[in-house]
Structures are given as C-alpha cells and as structure tokens.
Amino acid sequence: MAALIPNRQLFIDGEWREPIKKNRIPIINPATEEIIGNIPAATAEDADVAVEAARKALFRNGGKDWASATGAHRAKYLRAIAAKITERKSELAKLEAIDSGKPLDEAAWDIDDVAGCFEYHADLAEALDSKQKTPISLPMETFKCHVLREPLGVIGLITPWNYPLLMATWKVAPALAAGCTAVLKPSELASITCLELGEVCKEVGLPPGVLNILTGLGPEAGAPLASHPHVDKIAFTGSSATGVKIMTAAAQLVKPVTLELGGKSPIVVFEDVDLDKAAEWSLFGCFWTNGQICSATSRLIVHESIAAEFLDKLVKWCKNINISDPLEEGCRLGPVVSSGQYEKIMKFISTAKDEGATILCGGERPQHLKKGYFVEPAIITDVKTSMQIWREEVFGPVLCVKTFKTEDEAVELANDTHYGLAAAVLSQDLERCERMTKAFQAGIVWVNCSQPCFSQAPWGGKKRSGFGRELGEMGLNNYLNVKQVTQYVSDDPWGWYKSPSKL
C-alpha cells in the first residue's frame with residue numbers, strides 16, 4: 001500500500017515546495033497501525049510564504065486575473081477541477097479510506113460529493129455576474145444606488161480529518177467562486193487527498209497562488225493563519241476548543257470567522273414509527289463516518305412505550321454491521337482515525353459505566369480484529385442528563401439513550417445541550433414533526449431521516465456549535481463583501497450651504 005501514497009511537498013504559488021524547516025509527519029493507516037508514508041510539516045515561515053502568494057494572486061494584474069474577473073471565468077476552473085476529481089475518483093477514494101479509516105464505499109460517495117460541490121459553486125460563480133450592480137430602490141429620485149459583491153480577500157481555511165477532501169471543498173469551492181484566494185490547512189491526521197487537490201489545481205492550470213495548501217500541526221501551521229495580518233478571514237471546522245482559540249486570535253485583528261464546531265445532536269423517536277426503519281436511521285445517524293461526525297445524532301430520545309422493543313431492534317441491527325478493513329467489500333464501519341481518538345472514545349465508554357450507565361452492546365475492540373483502531377459501535381442506556389456521555393461530544397460510534405413520556409419532555413431533553421448543530425425527529429405525524437422542528441434549538445433539522453446533506457442547502461449551527469453557514473447561497477456570502485454605491489444624479493446643487501458667489 002505504501003506505493004499508493006504520493007510523496008508531496010507543500011503546494012504554494014502553484015508549485016510543490018519543501019517546508020522551510022524540512023520536517024515531515026508520518027502517515028499511519030488506522031486499520032493496520034502501519035506507517036505508510038509522510039506529509040510535509042509546515043511552520044509559520046511557510047504560512048508567511050503561502051499568504052504572500054495568495055495576496056499576489058489576489059491583486060495580480062489589478063485583480064483582473066482572478067478577484068475581479070467574471071464569475072464565468074472562475075467557473076471554468078471550478079468545473080475543470082470537478083471533472084478531474086471525477087476522473088480520479090477511484091484513486092482518491094482509496095487514498096481517503098486508507099488515510100482516514102472510512103469505508104471505501106463511503107469514501108467514494110464523498111468524492112462524488114466533492115465533484116458535485118465544485119460544480120454547484122461554478123453555477124453560483126456564474127450567477128454572481130448577473131447580480132452585480134443590483135439596484136436599490138431609494139425614496140429620493142436625486143440618488144441612485146446599487147450593490148457590488150466583491151471577494152473578501154485572502155482566506156485561511158482550516159479543515160478536519162473526518163471528511164478530509166469534502167470538508168476542504170466546502171470551503172475552497174465557495175471561496176474561489178467568490179473570487180477570493182486561499183490558504184488551506186487540512187488536519188495532519190488526514191491530509192493525503194487535500195494535497196492531491198493541489199496536483200489537480202496544477203493540472204487544470206489554476207492561476208498560481210489562488211489556492212495554496214499547507215499540511216502540518218495546528219499550532220505550527222494553522223494558528224499562524226488565524227493571527228496573520230494579511231489573512232482577511234478564517235473559516236474553520238473542528239473542535240469547539242480550537243474554535244475558541246481561533247476566534248480569540250482573529251479578534252485581535254477584528255478578522256471575521258466562520259466556525260463549524262462540535263455537536264451533541266438529538267434524534268427523537270415517537271411511538272408511531274416503523275421500528276426497523278427508525279432503527280436503521282438511528283444507527284446511521286450516529287455510526288456513519290465511523291461515528292466521527294460533528295452532526296452525529298448521538299443522543300437517542302425514544303418514547304417509553306416502544307423503548308424496550310426498539311432497543312432490542314437496535315441491538316440486532318447493530319450486531320449486523322460489517323466492521324472490517326475499510327478496503328474490504330461491504331465494510332460499513334472502519335477504524336477511528338488515530339490511537340489518540342481510540343483512547344479518548346474508550347475513556348468515554350468506561351466513564352459512562354463508572355457513572356452508572358449500562359453498556360447495552362459494543363464499546364470494545366472487535367474480537368476478529370487484532371490490529372487497528374476499531375471500536376464496536378456502542379449503545380448506552382440508563383443514562384442521566386448529568387453524565388458526561390450525555391453532555392460531551394464523543395466523536396466516535398457511541399449512542400446514548402433516554403426515554404420520554406410527553407412531547408414537551410422530548411423537546412426539553414433534545415435541547416438539553418450546549419450545542420446546537422442538528423436534530424432529528426422520526427414520526428408519521430407530520431404536524432408533530434413540524435412542532436418539533438420549530439422547537440429544536442439547532443441549525444439543521446432532519447425529519448424521518450438523519451445526516452442527509454446537499455450542496456444546495458445551508459449548513460451550520462447555533463450555541464456552541466458555532467456560527468455562519470456553509471453551502472447554498474448563504475455559504476457563498478461568507479466570502480463576499482457587499483459594497484454599497486450611491487450616486488447623486490441631479491443637475492441641481494445640493495444647496496445645504498449658502499454659495500459664496502451669492503453672498
């Protein structure tokens with residue numbers, strides 16, 4: 001497998017460049033615990049070079065090469081990137097699975113979504129052209145007003161390891177569509193496909209410096225972007241703790257940030273559901289992406305009248321999940337990303353048990369897998385709202401369960417969290433689903449499903465899950481400055497002061 005891993009450098013100003021300090025970080029396959037390659041480790045010195053390259057690209061030829069070019073011009077590059085991603089889908093999906101541990105079928109789905117996201121933002125870039133100089137109706141005929149939408153500038157993009165290329169694309173595609181230039185810093189735990197995006201950009205002839213890619217540790221390569229005076233905005237997806245640090249650093253320069261942080265999302269199951277359908281959605285909502293998903297509906301809130309039967313169904317479905325090496329056919333749950341993540345998840349499970357919860361099933365290493373960071377998906381019952389397992393994000397395949405009697409109680413339990421990214425409700429009563437939808441304190445609500453995501457629909461949360469939106473037209477707006485232009489069109493003098501000639 002080692003031969004599959006390309007040996008890349010940092011991607012800066014359209015070229016591969018060795019890190020100034022020449023350091024590299026090993027790549028560990030989470031399914032085998034073997035070192036299969038390495039990535040360059042950027043530092044603040046490399047960040048300076050990358051930011052300068054992005055600034056040059058932004059202002060090159062008076063901005064005509066990129067920032068002030070037409071949206072249609074930029075869309076051609078986005079579509080070329082999408083086509084090249086699709087062409088390399090099989091290879092990229094395999095690299096993603098080996099690097100992050102996600103099942104190959106899921107990784108292939110992600111790569112399709114990457115291409116689709118670039119295509120969608122190409123459409124948005126083209127649509128920007130017709131929205132320029134949008135007139136504003138004013139109450140005075142002596143003035144005319146319109147709005148210009150302009151790129152914010154150089155953007156620092158800091159992305160996580162659970163969807164390495166897709167989460168990067170959620171930021172890269174709208175930033176480039178808007179006419180910004182960018183420096184991408186993916187997670188050091190899964191960077192392979194993000195570096196391959198650099199190669200794709202080279203192949204399609206993206207102007208040098210428009211997208212720069214720095215791999216490395218967060219404090220050494222990511223933090224310098226948040227505090228850099230020539231980075232105009234930071235878009236970050238990751239932990240709430242890191243989000244606080246980024247926001248603090250950016251605040252010193254009054255730099256805008258978009259934060260997509262953690263979650264502890266509820267899924268409320270009412271008594272009128274089809275138990276098998278509800279069981280599959282409940283498990284998919286928490287165990288998809290090996291349970292490593294910020295929007296995971298990891299708090300199951302089920303009506304007490306069906307709880308016993310439903311939990312019995314859940315356990316049967318759970319034990320039928322194929323846990324294996326991600327490259328094996330039919331794999332539906334691979335390893336978590338790293339040894340550190342594995343230990344963290346196991347600690348959560350042991351603490352839940354110590355606090356009096358019941359591990360209904362799973363929560364251990366699968367007996368048939370002696371190597372790799374595998375965790376059997378866990379279902380935990382007898383949970384109290386004071387317990388760590390109810391309150392904190394695990395970021396692993398762990399589902400905790402509570403029951404409810406009334407709709408009001410379900411709402412109270414669902415909203416009993418510092419987070420507010422997502423929520424789901426399963427019921428055949430659509431009026432009840434609508435009431436729940438309005439009551440949930442979340443940025444995303446799923447009705448009779450969990451985890452669907454489309455480039456066209458805005459994504460983001462509230463409370464400690466962050467702020468701002470990605471995807472959809474709202475996501476593009478994150479990277480645009482709205483400029484008001486007002487013109488006095490009358491031939492008459494303004495007449496506020498007495499003219500000296502008439503004194």
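Visitor: Trp 288, buried or exposed?
Guide: Trp 288 is buried in this predicted model. Its relative accessible area is 15%, so it falls under the 20% limit for buried.

Visitor: And which ring does Trp 288 pair with?
Guide: Trp 288 forms an aromatic pair with Phe 284. The centres are 4.8 Å apart, with 35° between the planes, and the pair is tilted.

Visitor: Why quote both a distance and an angle?
Guide: Because a pair of aromatic rings is described by the distance of the centres and the angle of the planes.

Visitor: Switching to the core. How many residues are in the largest nonpolar one?
Guide: The largest nonpolar core has 108 residues. Ile 85 and Val 269 have the most contacts inside it. Helix α4, residues 104-131, gives the most to this core, with 12 residues. Apart from it lies another core of 33 residues, including Val 336, Met 387, Val 394 and Phe 440.

Visitor: Salt bridges next. How many?
Guide: The structure holds 29 salt bridges. One of them joins Arg 8 and Glu 196, with the closest N and O atoms 2.7 Å apart. That pair links distant parts of the chain, 188 residues apart. Arg 8 is in the segment before β1 (10-12), and Glu 196 is in helix α6, residues 192-204.

Visitor: Are Arg 8 and Glu 196 buried or exposed?
Guide: Both Arg 8 and Glu 196 are buried.

Visitor: Which residues are linked with them in a network of salt bridges?
Guide: Arg 8 and Glu 196 are linked with Arg 88, Glu 91 and Glu 199 in a network of salt bridges. Within that group, the side chains of Glu 91 and Arg 88 meet at 2.8 Å, N to O. Glu 91 is partly exposed at 36% relative accessible area, while Arg 88 counts as buried at 11%.

Visitor: What about Lys 84, what does it bridge to?
Guide: Lys 84 forms a salt bridge with Glu 87, the closest N and O atoms being 3.6 Å apart. The two sit 3 residues apart in helix α2 (residues 71-87), so about one helical turn separates them.

Visitor: Last topic, the surface. Which residues form a nonpolar patch?
Guide: Met 140, Tyr 488, Trp 494, Trp 496 and Tyr 497 form a nonpolar patch on the surface. Together they have about 710 Å² of accessible area.

Visitor: Where is Tyr 488 found?
Guide: Tyr 488 is found in strand β22, residues 480-488.

Definitions and conventions. Residues numbered from 1 in each chain as written. Predicted model: local features only at pLDDT ≥ 70, side-chain atom pairs only at ≥ 80, totals over all residues. Heavy atoms only, no water. Core = buried A, V, L, I, M, F, W, Y, C linked by side-chain atoms within 4.5 Å. Buried < 20%, exposed > 50% of the residue type's maximum accessible area, 1.4 Å probe, protein only. Helix = DSSP H or I, 4+ residues; strand = E, 2+ residues; numbered from the N terminus. Patch = residues over 30% accessible without salt bridge, like charges linked within 9 Å, V, L, I, M, F, W, Y side chains within 5 Å. Areas by Shrake-Rupley, 256 points an atom, 1.4 Å probe, with all protein chains shown as cover. Salt bridge = Lys/Arg side-chain N within 4 Å of Asp/Glu carboxyl O. Phe/Tyr/Trp six-rings, centres within 6.5 Å; stacked < 30°, edge-to-face > 60°.
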